[in-house]
Amino acid sequence: MSIFSAVFGDESVKFIKNINPIVSKINALEADISILPDSDFPKKTQEFKDKLAQSEDKKKTLEDILPEAFALVREAAKRNLKERHYDVQLIGGIALHEGKIAEMRTGEGKTLVAVLPAYLNALTGEGVHIITVNDYLSRIGAVLMGQVYNFLGLSVGVINSQNVSYLYDALHKEEDAERDQVGEFKIVYDFLKPCTRKEAYLADITYGTNHEYGFDYLRDNLATSINDLVQRGHNYAIVDEVDSILIDEARTPLIISSQSGDSEDFYVKFYQIAKQLKRDTDYEVDEKLKAISLTDAGITKAEQLLGIENIYTEKGIKYVHHLETAVKAQAIFERDKDYVVKEGEVVIVDPFTGRLQPGRRWSEGIHQAIEAKEGVKIEKETRSSGSITFQNYFRFYKKLSGMTGTAATSAEEFLKVYGLDVIVIPTNRPIIRKDHNDLIFQTEKGKFQAIAKKVKELNEKGQPVLIGTISIEKNELLSVYLKQEGVQHTILNAKNHEKEGEIIAQAGKRGAVTIATNMAGRGIDIKLGGNPQNKDEYEFVKSAGGLFVLGTERHEARRIDNQLRGRSGRQGDPGATQFYVSLEDDLMRVFGSDKIKNMMGRFGIPEDQPIENKFIGRTLESAQAKIEGFHFDSRKHTLEYDDVMNHQRKIIYERRQKMLRADKKGIEALLSGIAETREEFSKIAEEKRSKLGDEAFLETVRRIALYTTDSLWMEHLEAMDYLRSSVNLRAYGQREPIVEYKKDGLMMFKEMEETFKEQAASLVGTINTEAHVHVHPEENTGPKQTLITSHTEPSELGRPKDSARQDLAEKKAGRNDPCPCGSGKKYKKCHGA
């Protein structure tokens with residue numbers, strides 16, 4: 001990585017040197033643009049649009065108008081926000097326009113930077129997507145920057161979860177004063193007008209989260225009418241906190257699913273069994289891999305509790321899977337660390353951000369097993385209707401860019417996976433923050449006692465302190481220690497982004513002590529003295545040393561530690577950071593060296609007395625590098641498998657789009673393809689066409705094709721999931737799992753395509769020409785949004801009977817007839833069971 005970093009550093013310097021003449025051009029235009037009347041700004045925008053509409057080479061035209069467009073945005077920001085883009089922000093804007101990642105430190109104005117390339121690229125009329133990490137930040141961005149876009153004559157939309165969408169509404173001028181004062185951290189809702197999803201996407205610039213864009217793409221590919229489509233293509237995306245979205249969340253594919261089998265009794269039964277199994281005796285835990293393995297004694301005990309002799313031969317994979325899942329829920333998943341129980345539901349906690357993730361569910365029974373463990377309602381298992389990884393979703397964009405304060409440590413992955421270069425943008429003012437060496441303690445208790453004493457000492461002199469923890473559980477624990485020392489404090493658990501954004505904005509006030517999970521309030525600036533800023537308070541806090549950021553534990557990824565440090569010392573302000581680490585922390589306990597533990601024990605160091613040791617510091621960084629490498633491999637692994645699916649997904653979704661748009665040529669081509677190997681089909685089809693009429697016949701074929709495609713695709717997704725779980729075992733036979741997956745996956749896809757033709761031909765033959773057949777595609781009765789967050793062994797459950805298929809046939813099949821689904825089984829053994 002050192003060679004890579006050296007080259008990467010040179011790349012940033014070279015890039016900045018090459019674009020300095022463009023920055024000079026923008027600055028040269030400032031005087032002329034500053035005298036333009038307000039009414040001329042939308043006119044200039046229309047001029048640019050007309051120029052692009054007439055251009056044959058839009059890319060070149062965008063480059064030509066960039067200096068004037070950026071100068072126009074800078075002036076619009078000055079008039080509306082009272083903020084002028086610095087030269088370094090212009091450099092950041094050019095990097096984003098050129099499809100690169102701009103690494104900009106906290107407080108350098110990334111939100112304002114994004115307006116430059118968003119405006120420029122929106123001039124093509126193809127739309128720009130600005131992607132944020134949560135709904136709160138997408139609304140903040142739209143309300144705050146909406147005034148600049150509106151001033152320039154562009155429209156702004158917002159897509160949020162729960163199918164909520166907005167358009168920016170500029171009519172409420174009376175609220176301008178409030179927005180100018182608190183708009184950086186508080187949403188002024190009067191500027192947001194509710195609208196349809198489609199209207200939000202039709203805006204020139206659309207703000208939203210990565211999950212919402214991904215789910216809308218999957219939902220569009222389940223739509224049964226063209227009127228239900230909401231997205232209009234993928235032109236240009238600017239990803240805020242790009243490392244969080246493209247890296248931290250890249251191991252978790254988006255899955256849109258519908259409910260299937262209900263097996264509540266199984267989960268409760270196996271929870272009761274798992275409760276009686278003892279760790280290290282009945283099962284062993286691998287904390288590095290987050291896996292469990294049952295011992296012979298454990299299997300024997302489970303068999304006795306189930307009242308069977310051999311779980312493998314008598315009950316098969318289903319029972320084994322349920323047993324392992326129940327033990328995993330018991331041994332590996334911890335309440336208030338991996339999940340919380342909120343309003344009778346198990347809600348996942350994102351391990352990287354500490355944020356709650358409502359709507360996400362762990363895969364293949366893990367979530368249900370945890371629900372059984374916690375005694376809450378056990379939700380039905382789900383069946384996948386469509387899936388995609390973030391890597392493959394973001395590759396759809398013609399141009400992709402991103403910004404964050406911490407991209408350099410992951411520059412290699414950005415380049416290899418997304419083809420994105422990282423450009424480090426210089427800060428506007430030099431950083432004077434002091435990053436102190438880590439303090440290492442023997443025990444967690446000793447560490448927390450020392451933290452409480454340090455915070456009290458800082459608090460007494462009025463210096464604000466932000467304490468970063470890795471979990472909600474640790475927040476609550478540390479709070480107890482601070483109360484014992486009599487220190488007043490605020491706790492943020494990333495449960496309510498909007499409320500917490502408003503609180504974190506005040507974390508720089510005199511004497512403020514804020515405990516927060518690492519990502520709580522991310523995206524909101526912490527200004528010394530509070531926000532809005534008071535000059536006297538600012539000067540007092542500055543003289544007290546600025547914001548002190550205290551990390552209570554090293555995170556698995558160095559980027560997250562750097563993000564926490566970056567909350568202090570914005571825009572050249574003073575500040576300090578320090579991490580307090582104990583040998584009982586997860587990172588040290590699982591990945592640390594035994595030498596360290598023995599050394600501290602030998603020296604007899606008291607538990608609340610720290611040591612500063614370079615060897616331990618290096619061990620920590622080495623452990624972090626190991627874990628980062630492990631996660632990189634995991635993401636690469638996920639992508640390799642999804643690349644196989646992506647090829648198949650494109651074929652299926654392209655066919656759906658043709659059918660959805662009632663493409664007559666596409667439908668005729670489909671009929672010709674079916675007829676190629678079926679002599680009688682053409683004759684039957686023509687007979688139906690002549691009786692129904694051309695339009696009605698083609699519409700019926702279109703609906704049959706849509707239904708059959710969706711039905712078979714769901715089954716194929718399930719089969720591919722099972723295949724992925726099973727191919728790993730082939731490694732024992734000296735066969736490469738990914739090669740086996742590609743080979744078998746292709747064979748299964750070809751079989752599915754043949755089955756599609758068989759079923760479509762059969763269903764065309766059953767069309768009732770007297771009374772119109774009513775096709776029941778499995779319409780979107782609100783498929784559940786699920787985000788797979790772990791892979792476990794497959795379960796035989798969740799293969800529901802697809803009763804909708806039977807409605808398609810005019811005559812019900814006899815019990816001994818072949819099943820209409822095309823499986824080759826008798827009806828009574830398949831969908832008639």
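## Report on a predicted model

His-129 sits in strand E2, which covers residues 128-132. The model is predicted. His-129 is buried: its relative accessible area is 5%, and the cut-off for buried is under 20%. Setting aside residues up to four places away in sequence, His-129 touches Tyr-201, Thr-206, Tyr-213, Gly-233, Tyr-236, Ala-237, Ile-238 and Tyr-397.

**Overall make-up**

The protein holds 30 helices and 24 strands. Of its 833 residues, 57% are buried. Take the contacts between residues at least 6 apart in sequence: 77% of them join residues at least 24 apart. The exposed surface comes to about 36000 Å², and carbon and sulfur atoms supply 49% of that area.

Where is His-436 placed? His-436 lies in the loop between strand E17 (434-435) and strand E18 (439-441). His-436 has a relative accessible area of 32%. That value falls between the 20% and 50% limits, so His-436 counts as partly exposed. In sequence, His-436 and Gln-578 are 142 residues apart; in space, their C-alpha atoms are 5.1 Å apart. Gln-578 is also among the contacts of His-436, along with Arg-565, Ala-576 and Thr-577, once neighbours within four places in sequence are left aside.

**Two helix pairs**

Helix H18 (residues 444-460) and helix H19 (residues 472-484) have axes that come within 9 Å and cross at roughly 55 degrees. On the H18 side, the contact uses Glu-444, Lys-445, Phe-448, Gln-449, Ile-451, Ala-452 and Val-455; on the H19 side, it uses Lys-474, Leu-477, Leu-478, Tyr-481 and Leu-482. By class, the residues of this contact are eight nonpolar, one polar and three charged.

Helix H26 (residues 664-675) and helix H27 (residues 679-692) form another pair, with axes that come within 9 Å and cross at roughly 145 degrees. Glu-668, Leu-671, Ile-674 and Ala-675 of H26 make the contact with Phe-681, Ser-682 and Arg-689 of H27.

**Backbone exceptions**

Most residues other than glycine have a negative phi, and most peptide bonds are trans. One is a cis peptide bond that joins Asn-531 and Pro-532, with omega about 5 degrees. Pro-532 belongs to the loop between strand E21 (513-517) and helix H21 (535-543).

Glu-241 has a positive phi, near 50 degrees, and is not a glycine. Gln-571, also not a glycine, has a positive phi of about 50 degrees. Which loops hold these two residues, and how accessible are they? The table sets them out.

| Residue | Loop between | Relative accessible area |
|---|---|---|
| Glu-241 | strand E7 (236-240) and helix H10 (242-248) | 6% |
| Gln-571 | helix H22 (558-565) and strand E23 (575-582) | 10% |

Glu-241 is buried because its 6% lies under the 20% limit. Gln-571 is buried on the same cut-off, at 10%.

Definitions and conventions:
Residues are numbered from 1 along each chain as its sequence is written. This is a predicted model: local features need pLDDT of at least 70, side-chain atom pairs count only at pLDDT 80 or more; totals for chains, interfaces and linings use all residues. Side-chain values use heavy atoms; hydrogens and water are left out. Axes are lines fitted to C-alpha atoms, for helices over the stretch in contact, and angles run from 0 to 180 degrees between N-to-C directions. Helices (H or I, at least four residues) and strands (E, at least two) are DSSP runs, numbered from the N terminus. Contact means heavy atoms within 4.5 Å. Buried means under 20% relative accessible area, exposed over 50%, partly exposed in between (1.4 Å probe, protein chains only). Accessible areas come from the Shrake-Rupley method with a 1.4 Å probe; for residues, only the protein chains shown count as cover. Ala, Val, Leu, Ile, Met, Phe, Trp, Tyr, Cys and Pro count as nonpolar, Asp, Glu, Lys and Arg as charged, and the others, Gly among them, as polar.
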